[in-house]
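Take a look at the model below. Keep it in view while you read.

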Amino acid sequence: MKTHYYLSWFNDFFPEKLVKWLHEDITDRKSLVMISGQPSGYKDEQVNIDDVYERAWFDQANIIFDEYHFIDYRMQKEDAQRFIRNASVIFLCGGYPVLQNDFLAEYELSDAIKNSNVFTMGASAGAINMSAKWLCSKNGGHKVETSTIYNGIGFDRFAYESHSRLDYAALVQGYLFPLSEEMDVYAAEQESAMRVKDGKIDIMGDVYLISHSKIQKLAETF
């Protein structure tokens, strides 16, 4: 089975224990393909793979690839799909989940990623879009007037919320409760990670499981 990592956000670099697991799990290091969380952001400033914040996480962890590719609107759809097919690792970057979700749909990348059978991970917005569903709500820090449930890539049948700017009190208010009646919701605080490997979920940091409107803090497993 495929291995998926759902990351919240790290202000500095990957924690040491996460680096250990990544070195064990990422065995093919030919090509890292990163998908922008702000795919039109290059219009405001020039962005390339060396400037991507998440790229530094891999460098610091001494996880080096032969090739690096950064996908945003500057790349043709056909090239983006080809890089996905040939990737060793696919990383969905942080940014704006709605913009990234729209981009994945427009470039027809969701199915290509889901069917790629390679190691896939995402941070913040990227992790949100890896999940089956997610809630875009003003209570979740999104600048929207109306709450909307989006479909993600759907590697695993759960919803994911990277609420690094919020605290536990925001969860207690229940904005994720309606979605939790439909499927389990994992809400991750900053500096946390989830690994799904062979159907088993490992937890690092502060992650909460919300199921049928009940909240449970999960114990760390790695």
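The model is a predicted one.

Start with helix α1, which spans residues 16-25. Which of its residues are buried? They are Leu18, Val19, Leu22 and Asp25. Their directions around the helix axis cover an arc of only 130 degrees, so these residues sit on the same side of α1. Next, look at what lies over that side. The cover of the buried residues includes four strands: β1 (3-7), β5 (119-123), β10 (193-197) and β11 (200-204).

Move on to helix α2, residues 53-60. Here Glu54, Arg55, Trp57 and Phe58 are buried. The arc they cover around the axis is only 150 degrees, which means that they share the same side of α2. These buried residues pack against β2 (31-37), β3, β4 (89-95) and β5. Strand β5 was also named in the cover of α1. Follow the chain just past the end of α2 and you reach asparagine 62. Its phi is positive, at about 60 degrees.

Helix α3 comes next, at residues 77-85. Buried in α3 are Ala80, Gln81, Phe83 and Ile84. They span an arc of only 160 degrees around the axis, and therefore they lie on the same side of α3. What is found on the other side? Glu78 and Arg85 are there, and both are exposed. The buried residues of α3 have β2, β3 and β4 among their cover, along with α5 (110-114). Strands β2, β3 and β4 also pack against the buried residues of α2.

Now stop at β3 itself. This strand runs over residues 67-71 and holds histidine 69. Is histidine 69 buried or exposed? Its relative accessible area is 15%, so histidine 69 is buried. The cut-off for buried is under 20%. The side chain of histidine 69 also has a partner. It makes a polar contact of 3.0 Å with the side chain of glutamate 67.

Turn next to alanine 127. This residue belongs to helix α6, residues 125-130. Its relative accessibility is 0%, and therefore alanine 127 counts as buried. Which residues does alanine 127 touch, leaving aside those up to four places away in sequence? They are Tyr6, Leu7, Gly122 and Tyr160. Alanine 159 is 32 residues away from alanine 127 along the chain. The C-alpha atoms of the two are 10.0 Å apart.

Rolling a probe the size of a water molecule over the atoms shows where empty space is left. In this structure there is one cavity of 30 Å³ or more. About 30 Å³ of space lies in the largest cavity. Its lining is made by Trp134, Leu135, Ala159, Tyr160, Glu161, Leu176, Leu179 and Val185. Two elements give two or more residues each to this lining: β6 (133-136) and β8 (159-162). Strand β8 gives the most, with three residues.

Methods. Residues are numbered from 1 along each chain as its sequence is written. This is a predicted model: local features need pLDDT of at least 70, side-chain atom pairs count only at pLDDT 80 or more; totals for chains, interfaces and linings use all residues. Side-chain values use heavy atoms; hydrogens and water are left out. On a 1 Å grid over the protein atoms alone, a cavity is a set of points where a 1.4 Å probe fits but cannot get out, and a pocket is an open set with protein on both sides within 12 Å along at least five of seven lines; lining residues have an atom within 4 Å of a point. Grid points are joined across faces, edges and corners, and a volume is the space filled by probe spheres set on the points. Buried means under 20% relative accessible area, exposed over 50%, partly exposed in between (1.4 Å probe, protein chains only). A polar contact is a pair of N or O atoms within 3.5 Å; within protein, one must be able to donate a hydrogen and the other to accept it, and residues adjacent in sequence count only if both atoms are side-chain atoms. The arc is that of the directions from the helix axis to the C-beta atoms. Contact means heavy atoms within 4.5 Å.
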